[in-house]
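Q: Could you walk me through this one? I'd like to start with how the strands pair and then move on to the side chains.

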Amino acid sequence: SPSVNVVSSKTEATIDDGAKLTADSVNLLADAKTTIVTVSGGAAVATTGKGVGGSVQVNVFGKQVSATVGEAVTIEGKQDINVSADSDYKDVAIVAGYGGGQETSASGSINVLVGANVVEAVVSNGAEISTLGDLFVNADSAVTFFDLAGGVSTSTTARAPTCHVSRMPCASLVHAPHSCEVGAFCVASLN
């Protein structure tokens, strides 16, 4: 039996182009947490002859998280200024197949995961940030997979192959202007 799951998400925190902010502190945070749990299975039983059973599970996801200070933005702060994009993605995938037959049986399972995770914190060119505190620009991405596939066959001749396939490009991007005016220090970090 096949199971196909497609998830797409976009999380944005933006200070629009040309905005002017004056505040004690500024925290611009785009934060996305995603947990996907999928369980699928299939079975086939033949009382005479051959039994063939199996299961296929496919999880596809695309996730984009961004915190952006736009062009020509002016921010004046007395304390820290924080521009952060954080993404946490967890995928639990369990797939099983069963085949039973009197003479011959075969069973199998295939688990496929395809995804893209892009996380970015951006201070656009032309933005002017002035603070007596610190400037933090941070992009943080955490991805966790638990993948289990199995197959069981019962007969005089039995086969139960399994397969796991994963393709997961991830990108965390930090873009900050070449100079910033801050009281203590300017930090750009990529996790």
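Predicted model: local features only at pLDDT ≥ 70, side-chain atom pairs only at ≥ 80, totals over all residues.

Q: Switching to E1, is Ala13 buried or exposed?

A: Ala13, which lies in strand E1, counts as buried because its relative accessibility is 10%, and buried means under 20%.

Q: What does Ala13 touch, then?

A: Leaving aside residues up to four places away in sequence, Ala13 touches Leu28, Leu29, Ala30, Ser66, Ala67 and Thr68. For Thr68, the C-alpha atom is separated from that of Ala13 by 6.4 Å, although the two residues are 55 apart along the chain.

Q: What about Val4, buried or exposed?

A: Val4 is also found in strand E1, residues 2–15, but with a relative accessible area of 58% Val4 is exposed. Together with Val6, Val60 and Val114, Val4 makes a nonpolar surface patch of about 320 Å².

Q: New topic: how many salt bridges does the structure hold?

A: The structure holds three salt bridges. In one, the side chains of Glu12 and Lys10 meet with an N to O distance of 3.9 Å; in another, Lys33 pairs with Asp31, the closest N and O atoms being 3.2 Å apart; and Asp88 and Lys90 meet at 3.1 Å, N to O.

Q: Why would side chains like that pair at all?

A: Side chains of opposite charge can pair when their charged atoms come close.

Q: Fine, and how accessible are Glu12 and Lys10?

A: Glu12 counts as exposed at 51% relative accessibility, and Lys10 counts as exposed at 54%.

Q: Which class do Lys33 and Asp31 fall into?

A: Lys33 counts as exposed, at 63% relative accessibility, whereas Asp31, at 38%, counts as partly exposed. In the bridge with Asp88, Lys90 counts as partly exposed at 34% relative accessibility.

Methods
Residues numbered from 1 in each chain as written. Heavy atoms only, no water. Patch = residues over 30% accessible without salt bridge, like charges linked within 9 Å, V, L, I, M, F, W, Y side chains within 5 Å. Areas by Shrake-Rupley, 256 points an atom, 1.4 Å probe, with all protein chains shown as cover. Salt bridge = Lys/Arg side-chain N within 4 Å of Asp/Glu carboxyl O. Helix = DSSP H or I, 4+ residues; strand = E, 2+ residues; numbered from the N terminus. Buried < 20%, exposed > 50% of the residue type's maximum accessible area, 1.4 Å probe, protein only. Contact = heavy atoms within 4.5 Å.
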